[in-house]
Amino acid sequence: MAIVRKVSVLLLAVFLMPVTPIAAAGQKVVVMECAAAGEKQDYDCVVELSDKESGAAVLHAEFRVRAEMPSMAGAHRAEPVVVQEYGQGRYGFRIALKKYGEWAITLDFSKPERDRVVKNMMFSEGHVSLLGRHVQGRKHKKHSIAVMVHDAYVRATAPGQRNAAAYFVLRNNAKSDVRLVSVKSDVAEVAEPHSHVMDEGMMKMRRVEYIDIPAEGETVLQPGGLHIMLMGLVKQLQPGEYVSLEFQFDNGQKQTMRVPVKMIVGMSMTSGHDKKKHKHKHKHD
Ligand SMILES: [Cu+2]
C-alpha cells in the first residue's frame, strides 16, 4: 500500500499535470500523469515504472486499474480498464470518470510482484492534480506525453503473407497540431502510413507522407481507413504475439510500444490493394 497523505489540493493551471513519484511497497517507483482526453470525463493516464534502487525501467509489468470516489463510499466507480505497455517502463490507459472531484486510482499489480498503489487525484474541468505529498526537485516532463497511442493492434497474417497492417488511436493532448512522421517495426522491413481512397469506384490504398493529429484531438487508424502498412514481414504474425512499433512525432516525441497481434475477421487486408500504384522498394507478393 502506498502512503498517500492528504496535504493540500494543488490546483495548478497546467493542462498536463506531472505527478509526484510515490514509492510502492515493492521495489518500484510509480509516477502517474493524467490528462483530459476529450469532451467527456475521460482521462488518458501514463504510468512510469522504475526500479527503486537502479532507476531502470520496469518492463512487462501487469496491472489492473480501477477508480472510485472516496467521498461516495463505492457509489461512483470507474470500470477496470485495459493497460497498454508503451515500452521503456511506460504504460497507458484511458479511464472514464463520470464525475469531477476526488478519485482514488488503484493500480493492482500482478507482475513483476503483487503490489497495490493508490493515488488520490483531483479531477476538475481542465485540470488534474495530485492530492498528496509534493516531492521537490523532480524534473517535470510536461510535454513528454503530448501524444498517446491507444487501442493499438496488428492484424494477424497467414503463412507466407508479406504484409500486415497496424491500427491505433492517436490522441494529441497538446495545444498545437502534432504530426506522426515515421514508424518502425521489428517485424517488418518497412512501415509506412497509408490511407484508403476511392478511385474510379475502387477502394485503394495510398502511401501518405505523415499523419496529422489535431491539437487536443484524435486521429483514428482503422480497417478501411488510415493504417500503418508493415511490409516485408520477417515472420508470420500469430494472435497472442506482440510486435514492437516505434513512433516518431514532429514535436520530438519518440515512443516505442509493444502491440498485440489480433485475428481480424472480415475485410481482407489486401482487398482493394492497388499493386500497380503501390511503389515499394522491396519485392512483395
Ligand atoms: Cu496499406
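I take helices (H or I, at least four residues) and strands (E, at least two) as DSSP runs, numbered from the N terminus. With that, I looked up the fold: the chain has zero helices and 20 strands.

I noted what I am working with. This is a predicted model, where local features need pLDDT of at least 70, side-chain atom pairs count only at pLDDT 80 or more, and totals for chains, interfaces and linings use all residues. Residues are numbered from 1 along each chain as its sequence is written.

Next, burial. I call a residue buried if 20 or more other C-beta atoms, placed from the backbone, lie within 10 Å of its own, exposed if 12 or fewer, and partly exposed in between. Of the 285 residues in the chain, 33% are buried.

Then contacts. Two residues are in contact if their C-beta atoms, placed from the backbone, lie within 7 Å. I took contacts between residues at least 6 apart in sequence; 66% of them join residues at least 24 apart.

I turned to the backbone. Where is the cis peptide bond that I looked up? It joins Lys111 and Pro112, with omega about 0 degrees. I found Pro112 in the loop between strand S8 (101–111) and strand S9 (115–124).

I also checked phi. Asp151 is not glycine, yet its phi is positive, near 50 degrees. Asp151 sits in strand S11 (residues 147–155). Asp151 counts as partly exposed because it has 14 C-beta neighbours inside 10 Å.

Glu200 also has a positive phi near 50 degrees and is not glycine. I placed Glu200 in the loop between strand S14 (188–199) and strand S15 (202–207). Is Glu200 buried or exposed? It has 5 C-beta neighbours inside 10 Å, so Glu200 counts as exposed.
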